[in-house]
Amino acid sequence: MAAGIDDIAVYIPRLYVDASDFAHARGMDPAKLEKGLGVSKMAMVDTNQDPACLAANACLKIMQKNKLSPESIGRLYVSTESAFDESKAMNSYVIGMLEQVYGSSSFEHCGGVETKFACVSGSYALYDNTNWIRAGEAEGKNALVVVSDIAKYDLGSSGEATQGAGAIAMLLNDKPRLLAFDPKVTATSIKDDYDFYRPFGKETPIVHGQYSNLLYLIQVRKALEAWKNKVISSGLLEIGKDETILDYIDYFNMHLPYANMGKKALAYLIRHEWRSLPRWKPLIDKIGMAEPQPKDPRGTIESVLGDQEFMEKDHEFTKRFTNTEEFQEVYESKLASSLIASKMIGNLYTASLYLGFRSSLEFEYQKGVDLAGKRIGFGSYGSGASAMVFSGVIQPEYESVVKDMNIEAEIGTRKKLSLEEYEKIHENKLTIDQSLLSPKKEFVLVEIQTKPEYRGERRYSFNE
Ligand code: CAA
């Protein structure tokens, strides 16, 4: 049975910080954000928005667009790493909000949980719900998987330039118009590590930036190896002697904590795959330097990062490699379109991989490419740490969904924040009722109870 993504809806808060204003305020070269990280705008939540109402807004959009009734939804999962309750799951708040529109108890038949594993949990939720459908448990109903996050780092930290906020709702069923997942090849890697984590009660994460970049690459490569083995042993794809399985992936979608991380990951994975192929030697001649090796090739991430000579040489090698025509060809044709929306919006943690997928569909379609039958590879990563690599094929009916995609129109008119406004919101100096924008046909947070016996209860309203 086919199972996969039928449609995608995006909800992005309409406040943003401009990268250049941000860079000037922090005494940074704006080119570091624009070119080095690939960030031009960072979406920010208003005072009356939290990750649950972002998720509910994305759900409402996908339900209204597809004229779905609550009865047609069998499962509603929310994946997030911006949870605000240790027990009550975020999907329950979303159900409560949707029932304001669809009627009291209209979702009571529906199941679901909140899933957590940093930025990868949405991919696990997609996988589990796809299998729910494949197993015949869905009985013709749809699943909604919503990925929703507020990527917020400490003021003045290195991560502050990679913030963002938003939610993506994905409609899954057994007749997906957009993408059917390849069965039995989804692969994972997992490790207990501390590259990025958010201890109880802390609003922002503790981050070891460069360590997290390298751990992301290593974990995704491990999952890729496992995916390759499954793809070959299952006979899904056959590859020739001088080929890599990546030659058979038409589009890559990588987890994008910032847009250029996608390019970094692609370069790392391609290097790894091409190294043993006849195409590598002429490329090395062109690059004009041997691929550098760390002093201790079996060492830890710390020892590799601490090997300054290696890091400098590897940086130079990567720069030359990514400038070759061979890499550029792969990058431009298979990845670049997925980075466009990330540059406009910023980091969405769990949702960033799927914003990339959505971006790739829209901007490749605009180029006039016929996407039917194209195979998409996904590289998902969550700190702490787990990676998931999986794939799927664009379905013949995709055009009916993709032709109307327009990310700018979907976000709507945005308001640029001054740095003063941004910092006030960031530091929670404004109250819920001091929002900067008036809500438009969307759910907003109206109250968080403070009385001890009701502490933490949240109330939302839908504004016509
Ligand atoms: N002009 C052009 N480019 C410039 C520049 C300038 N003036 N100055 C620097 N750059 C380039 C650098 O060369 C570098 O590019 P390359 O990596 O291609 O060489 C890029 O800009 C970033 O520069 P630095 O590496 O020096 O930046 P940094 O150390 O200050 O911060 C970061 C980078 C570590 C990613 C930081 O933003 C951070 O800590 N982010 C949060 C953690 C994170 O996103 N980790 C990613 C993996 S973990 C994950 O993915 C989970 C998740 O979602 C958080």
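Me: Contact here means heavy atoms within 4.5 Å. In this predicted model, what share of the contacts in the protein chain with a separation of 6 or more comes from residues 24 or more positions apart?
Reply: The contacts counted are those with a separation of 6 or more. Among these, residues 24 or more positions apart account for 77%.

Me: What radius of gyration does the protein chain have, and what would a compact globule of 464 residues have?
Reply: The C-alpha atoms fill a box of roughly 65 × 55 × 40 Å along the principal axes. For 464 residues a compact globule would come out near 23 Å, which agrees with the chain's own radius of gyration of 22 Å.

Me: Which residues touch the most other members of the largest nonpolar core?
Reply: This core has 65 residues. Its largest share, eleven residues, comes from helix α6 (residues 209–233). The members that touch the most others are W227 and F321.

Me: Which residues does F321 touch, not counting those up to four places away in sequence?
Reply: F321 belongs to the largest nonpolar core. With residues up to four places away left out, F321 touches A267, I270, R271, W274, W280, L283, I287 and F327.

Me: How many residues of helix α12 are buried?
Reply: Helix α12 spans residues 336–345 and is mostly covered. Its buried residues include A336, L339 and M344, and M344 is also in a second, separate core of 46 residues. After the helix comes G346, with a positive phi near 100°. Of the ten residues in α12, the number buried is eight.

Me: Where does N66 lie, and which residues is N66 in contact with beyond its neighbours within four places in sequence?
Reply: N66 sits in the loop between α3 (51–65) and β4 (73–79). A polar atom of its side chain lies 3.0 Å from the backbone oxygen of I62. Leaving aside neighbours within four places, the contacts of N66 are D6, D7, L171 and R177.

Me: Are the faces of strand β2 buried or exposed?
Reply: In a regular strand, side chains alternate between the two faces of the sheet. In β2 (residues 15–18), L15 and V17 are on one side, with Y16 and D18 on the other. These four residues, and with them both faces, are buried.

Me: Which residues stand opposite L15 in β3 and β15?
Reply: β2 pairs with β3 (residues 41–44) in the antiparallel sense over four bridges. With β15 (residues 415–416), β2 pairs in the parallel sense over two bridges. The partner of L15 in β3 is M44, and in β15 L15 stands opposite K415.

Conventions:
Residues numbered from 1 in each chain as written. Predicted model: local features only at pLDDT ≥ 70, side-chain atom pairs only at ≥ 80, totals over all residues. Heavy atoms only, no water. Core = buried A, V, L, I, M, F, W, Y, C linked by side-chain atoms within 4.5 Å. Buried < 20%, exposed > 50% of the residue type's maximum accessible area, 1.4 Å probe, protein only. Polar contact = N/O pair within 3.5 Å; in protein donor to acceptor, adjacent residues only side chain to side chain. Pairing = 2+ DSSP bridges. Rg over C-alpha atoms; globule rule 2.2 N^0.38 Å.
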